[in-house]
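Here is a short briefing on one part of a protein chain. Look at the structure first, then read the points below.

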Amino acid sequence: MARVVVTGGSGKAGRAVVNDLVTSGYEVLNVGISPHPRDGAQFLTGDITDMCQTISAFEGADAIVHLAAISAPRLRTPEVTFQINNTSTHNVFSAAATLGIPRIVWVSSETTLGSSFERQTPLYELIDKPHTLFLESSYALSKVLSEEMALQFHRWNGTTLVGLRFSNVVEPQDYVRFAEWQDDVSLRIWNLFGYVDAHDFAQSCRLGLEADLLGVEAFIVAADDTVMKQSSADLMAEAFSGVEVRELPHERARLLGIAKAKRLLGFAPAYSWVDQIS
């Protein structure tokens, strides 16, 4: 049984990740500010912006899943978001290197790709990792810097680091809200109409631990469809007329490119909002 430390395992995405790992047979230690009651997972109160606490929490771990962060723009001031996210991620990477922990899965963000697309439209649909980055917040900047930190920590220490540029995470109770924006494309244009079910996000974290990878890789993680009933081609025509539309895999296909995650991680999103509310 592998021992995995999950930072921020009591948050919205973290709860699903902890449950998935425990169910899959991992020994899990959830490190954070507040506990999440889940049988089979240990909890340790800890502040990972403090290096000593981070090293202490990681002792004996085989791998780390780093989820703890200010989780979106505008939750805190830009400077606080930037400081907390960068400090915590640096501490996680550094503590793992100090202790010889060989693999880290951590959360980056879809915001690195340009969300909310107010000043810069996407260059093409099916946005993927090679797409030019258009950063619109200190939150997005902190995530891009975490990816650069990952490259350097791998170069220094040989750690394998798997970054997940995750879309808007939703839980079962969130699906009832999807009806609210069906008549107004502008309400979900901010992230190219993307989302990911918490169960599928948890799957991507576990696959990040298990995949046959070395070095540093970043993956977009999203559902296989959009949040809208309209076809994806019609959405692009209405929201971003003139933007190149490549061949879509199906009529309501997601506009965030997850092909790399499917190919290298074996990611297979199983949840669609249409199935949840029908």
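Strands S5 and S6 run parallel, joined by five bridges. S6 covers residues 160–166, and S5 covers residues 103–107. Keep in mind that this is a predicted model.

**Strand S5 and its neighbours**

- Val105 has Val162 as its bridge partner in S6.
- S5 also pairs with strand S4, residues 63–66. This pairing is parallel too, and it has three bridges.
- Ile64 stands opposite Ile104 of S5.
- Between S4 and S5, the chain passes through helix H3, residues 78–99. This β-α-β crossover is right-handed.

**Is S5 covered or open?**

- S5 is mostly covered, with five of its five residues buried.
- Arg103, Val105 and Val107 point one way from the strand. Ile104 and Trp106 point the other way. Both sets are buried.

**Helix H3**

- How far apart are the end C-alpha atoms of H3? They are 32 Å apart. The helix has 22 residues, and at 1.5 Å a residue it should span 32 Å, so the two values agree.
- H3 has a set of buried residues, including Thr81, Asn85, Val92, Phe93 and Ala96.
- The buried residues of H3 pack against strands S1 (3–7), S4, S5 and S6. They also pack against helices H2 (51–58) and H4 (138–157).

**Nonpolar cores**

- The largest nonpolar core has 58 residues. Leu21, Val65, Leu164, Phe201 and Leu265 have the most contacts inside it.
- Which residues does Val65 touch, leaving out those up to four places away in sequence? Among them are Val4, Val6, Val17, Leu21, Val105 and Leu209. Thr7 and Cys205 are also touched by Val65.
- Apart from the largest core lies another core, of 19 residues. Val5, Phe93, Ile101 and Leu161 are among its members.

- Thr111 lies in the loop between S5 and H4.
- Is Thr111 buried or exposed? Its relative accessible area is 8%. Buried means under 20%, so Thr111 is buried.
- The side chain of Thr111 makes a polar contact of 2.8 Å with the side chain of Ser109.

Technical notes: Residues numbered from 1 in each chain as written. Predicted model: local features only at pLDDT ≥ 70, side-chain atom pairs only at ≥ 80, totals over all residues. Heavy atoms only, no water. Buried < 20%, exposed > 50% of the residue type's maximum accessible area, 1.4 Å probe, protein only. Helix = DSSP H or I, 4+ residues; strand = E, 2+ residues; numbered from the N terminus. Pairing = 2+ DSSP bridges. Right-handed = clockwise from strand over helix to strand, strands pointing away. Core = buried A, V, L, I, M, F, W, Y, C linked by side-chain atoms within 4.5 Å. Contact = heavy atoms within 4.5 Å. Expected span 1.5 Å × (residues − 1). Polar contact = N/O pair within 3.5 Å; in protein donor to acceptor, adjacent residues only side chain to side chain.
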